[in-house]
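I opened a new structure today and kept notes as I went. Here is what I looked up.

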Amino acid sequence: MTLYEARRSPDRCPTHPGAVLDDLLPALGRPKAEIARLLGISRQMLYDILNERKGITPTVAAKIGKLVGNGPAIWLRMQAAHDAWHAERDVDVSHIPTLDAA
């Protein structure tokens, strides 16, 4: 079996987990309002996540992971990758030295 390494351009932002969830919802065959109710979150919060205006918290990741059956870790990793990519571009760290361990 041949293994292929996934490569993503460092200039491309990692996909927001809300976009992945939005692609996944039609397969669940339930209205978004019902999905929000099942998750125990408001419809507005669900729409904010789907429209990438809000991130996925650990609590919401646990709920989504249970709902779709893949656990919270993948949702948290997607959110962390998305957040880290933005932080590397938005936060000025030029004045902070890099220290060597003793």
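Predicted model: local features only at pLDDT ≥ 70, side-chain atom pairs only at ≥ 80, totals over all residues.

I started at Arg53, which is exposed, with a relative accessible area of 55%; exposed means over 50%, buried under 20%, and partly exposed in between, using a 1.4 Å probe and protein chains only. Residues are numbered from 1 along each chain as its sequence is written, and side-chain values use heavy atoms, with hydrogens and water left out.

Which residue does Arg53 pair with in a salt bridge? I found Asp48, with the closest N and O atoms 3.0 Å apart; a salt bridge here is a side-chain nitrogen of Lys or Arg within 4 Å of a carboxyl oxygen of Asp or Glu. Asp48 itself is buried at 11%. Lys54 also bridges to Asp48, at 4.0 Å, and Lys54 is partly exposed at 40%. Elsewhere, shared partners link Arg30, Glu34 and Arg37 into one salt-bridge network. I noted 2.8 Å, N to O, for Glu34 and Arg30. The structure has six salt bridges.

Next I checked His16, in the segment before α1 (helices are DSSP runs of H or I, at least four residues, numbered from the N terminus). His16 is buried, with 4% relative accessible area. Leaving aside neighbours within four places in sequence, its contacts (heavy atoms within 4.5 Å) include Lys54 and Ile49.

Note on methods. Helix = DSSP H or I, 4+ residues; strand = E, 2+ residues; numbered from the N terminus.
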